[in-house]
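Have the viewer open and follow along.

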Amino acid sequence: MPIEVVHVTEVQFGEPYGKTSLFEINLKYHEHEWAVRARMPEIYGFSDALRGPNTDNPRKTPPLLFTDNYKENASVIKGYLSEVLSEEPFRNMIETEIFFEIHSHIPRQEPIKILAPLPDIDFDPSEIAVPWKLMQKAGIQVVFATETGKVPSADILLTRDEGVLFGKLGADPGPKADYFEMEKSEAFQNPITWSSIVASDYNGMLLAGGHAPGMKQYLDSSVLQQKVSEFWALDRPVGAICHGVLLLSRCKANGTSESVLKGKKTTTLPKYMENMAYYLTFWKLGKYYRTYDMHCETEVTLNLASPKDFECGPTNMGNRATLWDDSVAFVVQDGKYISGRWPGDAYLFGKKFMQLVTNTPEPSSPPSSISTSSSTSTS
């Protein structure tokens, strides 16, 4: 369903040529209407079209020419918005904001509660903070859990300004900011214990990853594996990314010796990505990027019904998706289970997990970066 620009009003005129004017934009999408106020071009990123008539325009559309007439300016904005809302990345940007706006105002008898277990240290900040931020904006409650209720802390090499090595390989600025915000939240500062988890209390479960040594507390815990298995048996949404998929693959189904992922399609950290990070850093950091001698992809695949059930996704040599552009990201959805490969997939992973837990239909046709299995229902 297209996004309809119902009305645009210029509520405050600015110079030069209206570029700093404040516009109230009334939008409609899936029968939901709301108003946003935006200054051009800061919020919607239309800087190219707002340049003067003598400036090259990559979009190859006439530049927006503003006057001192409020109504004329509003008409220009409305026409332009109606045109670009059908294009990427603007459509994705607006649809994402619409999703947040809709779900933050839906009245619910009970809040949506997501369980997010973590180790005490060394988890990847992007893989938990990006989905947390998306859910926080949509009014979804996240409950954190650690082994003894200790306040957790992410891998410090990924959050420091100097990065892992020579200023590289750390979290991007956006996810890093989300992590520092999450770190201050009341829920993060008051985690429950793994042993106290009651699976039926939650609408969904989020399993983040990480590769540093402290992750073994989380990945090896029989207590946590049992709790994850109990939640899986409820047939509710589960999202796992990177080494979070490894944890899930070690969980047994219904007291059997078989993994809960047997019969499911999944992705996880691909072997080539794990090797690439290891070979770049082993001379300085040793096995920092090799949690176990066996690759994450290898162990996960051994727990599947068939090697064909593992999906590697397109080759990615380090390009990370953003909130507005997830064209380089890849996730796999099989029924109520969604999986991602690495921190670069976190935005797409988080958005698709939110759609699962809120039972929201796709706003538009799925991009090629999403693999959806037809082997199970996609409720």
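Start with lysine 336 and aspartate 235, whose side chains meet in a salt bridge at 3.7 Å, N to O. (A salt bridge here is a side-chain nitrogen of Lys or Arg within 4 Å of a carboxyl oxygen of Asp or Glu.) Lysine 336 sits in the loop between β11 (331-334) and β12 (337-340) and aspartate 235 in the loop between α8 (222-232) and β10 (238-241), so the pair ties together parts that are 101 residues apart in sequence. Helices (H or I, at least four residues) and strands (E, at least two) are DSSP runs, numbered from the N terminus.

Both partners are partly exposed: lysine 336 has a relative accessible area of 24%, and aspartate 235 has 48%. For the labels, buried means under 20% relative accessible area, exposed over 50%, and partly exposed in between (1.4 Å probe, protein chains only).

## Ground rules and overall picture

This is a predicted model, so local features need pLDDT of at least 70 and side-chain atom pairs count only at pLDDT 80 or more, while totals for chains, interfaces and linings use all residues. Residues are numbered from 1 along each chain as its sequence is written, and side-chain values use heavy atoms, with hydrogens and water left out.

The protein has twelve helices and 13 strands, and of its 379 residues, 53% are buried. Among contacts with a separation of 6 or more, 69% are between residues 24 or more positions apart; contact means heavy atoms within 4.5 Å. The accessible surface comes to about 17,200 Å², with 53% of that belonging to carbon and sulfur atoms. Accessible areas come from the Shrake-Rupley method with a 1.4 Å probe, and for residues only the protein chains shown count as cover.

## More charge pairs

The structure holds twelve salt bridges. Lysine 264 counts as buried at 15% relative accessibility, and aspartate 334 is buried at 0%.

Then there's lysine 287 with aspartate 293, at 2.9 Å between the closest N and O atoms. Here lysine 287 is exposed at 51%, and aspartate 293 is exposed too, at 61%. Elsewhere, salt bridges that share partners join Asp220, Arg250 and Glu299 into one network.

## A buried aspartate with no salt bridge

What is the nearest side chain of opposite charge to aspartate 120, which is buried yet has no salt bridge? That would be lysine 150, 4.5 Å away. (Lys and Arg count as positive and Asp and Glu as negative; His and the chain ends are not counted.) Aspartate 120 lies in the loop between β4 (113-117) and β5 (121-123). Skipping its neighbours within four places in sequence, aspartate 120 touches Thr146, Glu147, Lys150, Val151, Pro152, Ser153 and Gln217.

## Methionine 215

Methionine 215 is in the loop between β9 (204-207) and α7 (216-219), and counts as buried at 0% relative accessibility. Leaving out neighbours within four places in sequence, its contacts include Pro119, Ile121, Phe123 and His243. Methionine 215 and histidine 243 are 28 residues apart in sequence and 8.7 Å apart in space, C-alpha to C-alpha.

Helix α12 (residues 346-358) has 13 residues and runs 18 Å from its first C-alpha to its last, close to the 18 Å expected at 1.5 Å a residue. The expected span is 1.5 Å times one less than the number of residues. In α12, 13 of 13 residues are buried, and the helix is followed by asparagine 359, whose phi is positive, near 55°.

Helix α3 (residues 125-137) also has 13 residues, and its end C-alpha atoms are 18 Å apart, in agreement with the 18 Å it should span. Eleven of the 13 residues in α3 are buried, including Ile128, Trp132 and Met135.

## A nonpolar patch outside

Finally, Phe166, Tyr279, Phe282 and Trp283 form a nonpolar patch on the surface, with about 550 Å² of accessible area together. (Patches are made of residues with over 30% relative accessible area and no salt bridge: like charges are joined within 9 Å, nonpolar side chains (Val, Leu, Ile, Met, Phe, Trp, Tyr) within 5 Å.) Phenylalanine 166 is placed in the loop between α4 (156-159) and α5 (173-183), and is exposed at 69% relative accessible area.
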